[in-house]
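Here are my notes on the model you sent over.

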Protein chains: 2
Amino acid sequence: MKMETTARSLASALHIAKGVVHRRNSIPVLSAVKLSDGRLSAMGGVDMRVEVALPTVGKSRGSAAIDCHSLAGLLAHIPGNEAIEITDDHSLATIKFNGSEYQLPSYAASDFPSNLLEKNEGHRTALDNVGFIAAIKRVMFAASTDEFRYYLNGVATVYLNGEPVVVATDGRRMAWMPIPFIPVGAEGAILPSEAVAFLVKRKLEPKAAVFSTDSLSARFEYDGLVFTTKCIDGTYPDIARALPEPPAPYAHLDRREAVAVLLRLSSLDALGNDCAVILTGADGRVSITRDGGAYSGRETLSCKTFDTGGFKVGFNGRYLLDVLSALSGDGVTLSAEAGGIGSSPSIFTSDDDPLRTVLMPMRI
Amino acid sequence: MKMETTARSLASALHIAKGVVHRRNSIPVLSAVKLSDGRLSAMGGVDMRVEVALPTVGKSRGSAAIDCHSLAGLLAHIPGNEAIEITDDHSLATIKFNGSEYQLPSYAASDFPSNLLEKNEGHRTALDNVGFIAAIKRVMFAASTDEFRYYLNGVATVYLNGEPVVVATDGRRMAWMPIPFIPVGAEGAILPSEAVAFLVKRKLEPKAAVFSTDSLSARFEYDGLVFTTKCIDGTYPDIARALPEPPAPYAHLDRREAVAVLLRLSSLDALGNDCAVILTGADGRVSITRDGGAYSGRETLSCKTFDTGGFKVGFNGRYLLDVLSALSGDGVTLSAEAGGIGSSPSIFTSDDDPLRTVLMPMRI
């Protein structure tokens, strides 16, 4: 194998590959990037693959699989305009530039899992500027990290009351964003959190996506970059069932004021997560308290209270801060099942913000 | 106890206190800051104390000791111009501002160790603008973290061949900086690394210092801040004995080029720390290599070689990178005992930089 490229091209391709390649792999070749004519490929475990265009100089021949993180570490310190020559011989890759020579372990390129995820076939949906990934970025905070509820460890694309949305939940909080349409084959597809993290790190939206229901995988196409991931093999819960019906507004608050209060109450971290933040509203005021013996806090905010009269509801303080911070408007409205505010999930909506967030109350 | 101040004053005093107060203490009161008329005091274990001026509003009476990190966490989120009222009653402190009320654990102010470090008496040496702490900042990287060589866990003030210097070493590398004079009582004093970290974090040099040889402590006075620390109870090794005598220059390199090479060679971190960087110099060139089977690197730099002829010497790559990065000039000169370059410590000096660094070679 022999190829020539510039340090800048190789470093930027490796920077992307580093974002998927796991540092430890039970299958050694998965730690490598495969370099072949004009392309760098990398695997994230056996479930994700990224392929980046790699401009080469002159003729290149053959392919090689070289340890990703070592090569990326080296390239991070080579000036961008240096010409890089890579050759590969008997499981040893040689990198030459400007009279310097490095050797790194390499693997047989034929061992690199090329046919994995290869069966991604389906309708190609153009995604330019529809904001699919931007919508995913806003809801991903609510995804679960509990490996026993693996089907919640990601972001799903579903219809909610007929409206196409992306949604994430961990069973205690939920966030969804409307999207213009669901890509062909994507209904019910759950993108794993690791793939979501890779997608939201890109600065641009993908040009197109292919969701293959046969192979349960999704492919996202960018200029010079193709990212393929397995979707989670599971059924996303019916989120409409978790929502209060019909939701009635019970409080309207200044969002930034409420965030400031919650930051202060959250500073009482000695109280732990089980100590709820309690909202008690009446007569145009809400008192927000957290109380646990030696540590406690009590604040009051002005708050529009609705026909429901007074209310009392407790939330996990960290989660409440998360949903209020995720919204973007000036005011936030809390809605719940009329007559059951303390036991029904509350919906948080903000003026002029399509994001919807839901929080289960805590027993108080 | 009762006092009033502004959130800004209290937050900035707590920000300083946080830098010394340990998060976990076997003696609970050491987790607290003591607030008394116009002053906030905090202990770092039993060996360090900081006292910060705290402007109060109106009359204040009594004193209280309140949990430092909880109070600092709360104050971090209160707008600076809010008026803060603190009262204390039966091991519970109440913090009020703008209609809000928080309670935090407090301790009897009388339990706060007030007489510890109190015996710091000695001659007060003015330090304005002599750059004492700036000098310490440049050598501290070389200090040991090995608790069995506790007397090396800091920066010492000593005479080296009659010249006053601050010095740090871990036995394998050493750095020293000349200072204009040694403060009265400071000869042989070893400031512990934790105290050094606190001092270098301040933006200004202290106005004055008091080194007490009786109580083996040092006090540094700033505007509105007094910092007192125990010195390490030990004898600093005679550093002059570790130096080659007389040192003869054997190589002169471009410092930035050498740093770039070492960054690349250090990226081969799979080789571990035991794999030396080897410098082989002859005829105006030095080859710099690191070699360990599957991972290896070889680079060449132009290098002035001296009358000593060729040389071959190995160093720990991380340490070599540290000493070259610590220096500031364009060129760096390596000197060692004539005829014993591979076994004598090497002195690294840089044009126009008073910092001196020394590195023990590795066996190659």
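1. Ground rules. This is a predicted model, so local features need pLDDT of at least 70 and side-chain atom pairs count only at pLDDT 80 or more, while totals for chains, interfaces and linings use all residues. Residues are numbered from 1 along each chain as its sequence is written, chains are lettered from A and ligands numbered from 1 in the order in which they are written, and side-chain values use heavy atoms, with hydrogens and water left out.

2. Chain A overall. Chain A carries six helices and 25 strands; helices (H or I, at least four residues) and strands (E, at least two) are DSSP runs numbered from the N terminus. The C-alpha trace of chain A spans about 80 × 45 × 35 Å along its principal axes. Of the 364 residues in chain A, 53% are buried. For the cut-offs, buried is under 20% relative accessible area, exposed is over 50%, and partly exposed is in between (1.4 Å probe, protein chains only).

3. Contacts and surface of chain A. Take the contacts in chain A with a separation of 6 or more: 66% of them are between residues 24 or more positions apart. Contact here means heavy atoms within 4.5 Å. The accessible surface of chain A is about 16100 Å², and 48% of that belongs to carbon and sulfur atoms. Areas come from the Shrake-Rupley method with a 1.4 Å probe; for residues, only the protein chains shown count as cover.

4. Charge layout. How far apart are the mean positions of the positive and negative charges of chain A? They are 3 Å apart, for 36 positive and 41 negative charges. Lys and Arg count as positive and Asp and Glu as negative, with His and the chain ends not counted; the place of a charge is NZ of Lys, CZ of Arg, CG of Asp or CD of Glu. Locally, Lys18(A), Arg23(A), Arg24(A) and Lys201(A) form a positive surface patch. Patch residues have over 30% relative accessible area and no salt bridge, with like charges joined within 9 Å. Lys18(A) sits in helix 1 (residues 7-18) of chain A and is partly exposed, at a relative accessible area of 39%.

5. Salt bridges. The whole structure has 25 salt bridges over all chains, each being a side-chain nitrogen of Lys or Arg within 4 Å of a carboxyl oxygen of Asp or Glu. In chain A, Glu51(A) and Arg39(A) pair at 3.0 Å, N to O. That pair links distant parts of the chain, 12 residues apart: Glu51(A) is in strand 4 (residues 48-53) and Arg39(A) in strand 3 (residues 39-44). Glu51(A) counts as buried at 16% relative accessibility, whereas Arg39(A) is partly exposed at 40%.

6. The chain B pair. Glu51(B) forms a salt bridge with Arg39(B), the closest N and O atoms being 3.0 Å apart. Glu51(B) lies in strand 4 (residues 48-53) of chain B and Arg39(B) in strand 3 (residues 39-44), so the pair ties together parts 12 residues apart in sequence. Glu51(B) is buried at 15%, and Arg39(B) is partly exposed at 40%.

7. Other charge pairs in chain A. Arg219(A) and Glu221(A) meet in a salt bridge at 3.1 Å, N to O. Arg219(A) is partly exposed at 21%, while Glu221(A) is buried at 13%. Asp170(A), Arg172(A), Arg173(A) and Asp322(A) are linked in a network of salt bridges.

8. Buried spots in chain B. Why call helix 2 (residues 68-75) of chain B largely enclosed by the rest of the structure? Because seven of its eight residues are buried, among them Cys68(B), His69(B) and Leu71(B). Thr357(B), in strand 25 (residues 353-359) of chain B, is buried with a relative accessible area of 0%. Leaving aside neighbours within four places in sequence, the contacts of Thr357(B) include Phe141(B), Met174(B), Val323(B) and Ser346(B). Thr357(B) and Ser346(B) are 11 residues apart in sequence and 8.4 Å apart in space, C-alpha to C-alpha.

9. Backbone angles to look at. Asn98(A) has a positive phi of about 45 degrees although it is not a glycine. Asn98(A) is in the loop between strand 7 (92-97) and strand 8 (100-107) of chain A, and is exposed at 60%. Leu216(B), also not a glycine, has a positive phi of about 50 degrees. Leu216(B) is in the loop between strand 14 (208-212) and strand 15 (217-222) of chain B, and is partly exposed at 31%.

Key:
Patches are made of residues with over 30% relative accessible area and no salt bridge: like charges are joined within 9 Å, nonpolar side chains (Val, Leu, Ile, Met, Phe, Trp, Tyr) within 5 Å.
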